[in-house]
There are 2 protein chains.
Amino acid sequence: MIRQRFLPFSSRRRAIAAVCLVAAMPIVRAEDPKAAPPRTMVEVLAASVPSDWRPLDPETTLYLDLALGRVVIDLAPSFAPAHVANVKALAREGFFDGLSIHRAQDNYVVQWGDPDADDADKRRSMRQAKRSLPAEFDRALTPDLPFTRLPDGDVYAPDTGWSTGFPAARDGKSGRAWLTHCYGMVGAGRDNAADSGSGADLYVVIGHAPRHLDRNVTLLGRVVQGMELLATLPRGTAALGFYEKAEQRVPIHALRVASDVPVSERTPLEVLRTDTATFAALVESRRNRPEEWFKHLAGRIEVCNVPIAVRAIAPIQP
Amino acid sequence: MIRQRFLPFSSRRRAIAAVCLVAAMPIVRAEDPKAAPPRTMVEVLAASVPSDWRPLDPETTLYLDLALGRVVIDLAPSFAPAHVANVKALAREGFFDGLSIHRAQDNYVVQWGDPDADDADKRRSMRQAKRSLPAEFDRALTPDLPFTRLPDGDVYAPDTGWSTGFPAARDGKSGRAWLTHCYGMVGAGRDNAADSGSGADLYVVIGHAPRHLDRNVTLLGRVVQGMELLATLPRGTAALGFYEKAEQRVPIHALRVASDVPVSERTPLEVLRTDTATFAALVESRRNRPEEWFKHLAGRIEVCNVPIAVRAIAPIQP
């Protein structure tokens, strides 16, 4: 069935044709987009080479297993080392297993953790993990931090781009860098005190980027698979999208570090590296979309509109 | 129950306290924010006056009735007069009744219309409505068009703000204005030809603002109630989020113009006017959030992060 009247492509057939066509096309250099014919994202990805991709590191990957399926989270130790370490410690204690998703606020966040966290008598105990941590709202902008700058400015930050696979911002004047609240980013909820978060209560952005949260809360990773499982959860009807009744909460089967999961049960994924010419070409393919459907080329892109490419690693056949 | 460790407020109690407190607070003038103590959005809305609000006009309001409930759409005749007229004509022909939502693409759009639109033998017939219309991607920037400008710039447009209740952009150089693709905005799907849309296939933005669609497709309104019904629909697994099987589609009971619905069955809502001092104060309350939870004030706001305030009109008791 060919489906007219949808966006942004006029037919599925055309997209498939693009993938097939690219095999016969010369690979153009992303560094000189003026000299190259414009390429679609599909073409850019089809021309990628294995070194453009990084397999998820099982030591910095979380699996959030729900009855609905698995959510895969890529952690960001370069930006939130203490929170990443604490979430891993919590996961290894089984802290989250049997807890629940207790909040889903439309166009904002889905959040999970211990619903009894505020009740010292009832809350789940911790062994090695910490109940609170110093904030990691930003970090030093050091020369070793990769940063693929986007060319079109930003409403909230002096400079935005992608760093170590995550959307980020930086301020040369203050010498700081931080992750940005884009769709799918995962953060550590906190109370009013800046150092009251720990990673025991986690949220994920499910709507338009709430960029006013940047530098107000520690971001520690990003969902790379399974966002649709979280984004489609029924919205809570209590204030701030909390579920009113305990039975509305969505049970967490387990939250585990991927390296603790038997290899046969892992979800092998790789993510496009953000420090490659292919990523730069992908950005350009989204700034000016050559697909026939587009009549007005934006010529611009905003940090949270850069798609991140994720693909399954084909299992090796024995 | 007090819930710690969530964002952006530390407790429901505090939010309620703010609403109650405001009755005793002097009303400050939004025009001079420097002289006024900073106010939260809750305080700004509590201090609003009846003239700050506009009841939805039943002649430019659509009800999309699903088994899940009702979605209310505020139409934008100032920006898309021909498309608004055609969608109303389609609704009045009963064109949409019994058709379905056939696409849900995560972090992008939910779309509905006739799944057989491309098949001349099977597609639903039209009587008065038109199958295609000239594009209304933008309009003339005339002096009579209200425009509450936002002060912090934009990645995609020279100028953004709110006009007639909708997020919008303008370009003084070209003398054009257009609606922007923010969460909840409703547009008319089209094929590759710019004038191939008609409003017979409608989509709503359910994720981060796809601003690259601005000026590429006709936006004609915005969902003001019921977004959570659309945003939580299961995502389609075919290309571009189409549902693979007909039985996965979500039936449309009816799509009606509110004025055609008996008064007793209408959903009486009013929306904060965007040409008022209260709206300007609301914007300021979101640029710099005075709530204790915030440690770093953004000092900026982007057009799609301005919340739109909608409230029920209390029915008059007989």
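Author: Bear in mind that this is a predicted model. Start with helix H3 of chain A, residues 81-93. At 1.5 Å a residue, its 13 residues should span 18 Å, and the end C-alpha atoms are 18 Å apart, so the two agree.

Reader: Which residues of H3(A) are buried?
Author: They are His83(A), Val84(A), Asn86(A), Val87(A), Lys88(A), Leu90(A), Ala91(A) and Glu93(A).

Reader: And what do those buried residues of H3(A) pack against?
Author: Strands of chain A, among them E2 (61-66), E3 (69-75) and E11 (185-188). Strands E12 (202-205), E13 (218-225) and E14 (250-257) are on the list too.

Reader: What follows H3(A)?
Author: Gly94(A) does, and its phi is positive, near 75°.

Reader: New topic. How many residues are in contact between chain A and chain B?
Author: 73 residues of chain A touch 73 residues of chain B. The area buried between these chains is about 6600 Å². Carbon and sulfur atoms give 53% of that area.

Reader: How many salt bridges are there between chain A and chain B?
Author: The count is 0. Polar contacts are another matter: 29 residue pairs make them across the interface, with both residues at pLDDT 80 or more.

Reader: Which elements give two or more residues to chain A's side?
Author: Helix H1 (12-21), strand E4 (100-104) and helix H4 (227-231) of chain A. H4(A) gives the most, with 3 residues.

Reader: How do the residues on that side of chain A divide?
Author: Into 33 nonpolar, 16 polar and 24 charged.

Definitions and conventions
Residues are numbered from 1 along each chain as its sequence is written. Chains are lettered from A and ligands numbered from 1 in the order in which they are written. This is a predicted model: local features need pLDDT of at least 70, side-chain atom pairs count only at pLDDT 80 or more; totals for chains, interfaces and linings use all residues. Side-chain values use heavy atoms; hydrogens and water are left out. Contact means heavy atoms within 4.5 Å. Buried area is the accessible area (1.4 Å probe) that two parts lose on being put together, summed over both. A salt bridge is a side-chain nitrogen of Lys or Arg within 4 Å of a carboxyl oxygen of Asp or Glu. A polar contact is a pair of N or O atoms within 3.5 Å; within protein, one must be able to donate a hydrogen and the other to accept it, and residues adjacent in sequence count only if both atoms are side-chain atoms. Helices (H or I, at least four residues) and strands (E, at least two) are DSSP runs, numbered from the N terminus. Ala, Val, Leu, Ile, Met, Phe, Trp, Tyr, Cys and Pro count as nonpolar, Asp, Glu, Lys and Arg as charged, and the others, Gly among them, as polar. The expected span of a helix is 1.5 Å times one less than its number of residues. Buried means under 20% relative accessible area, exposed over 50%, partly exposed in between (1.4 Å probe, protein chains only).
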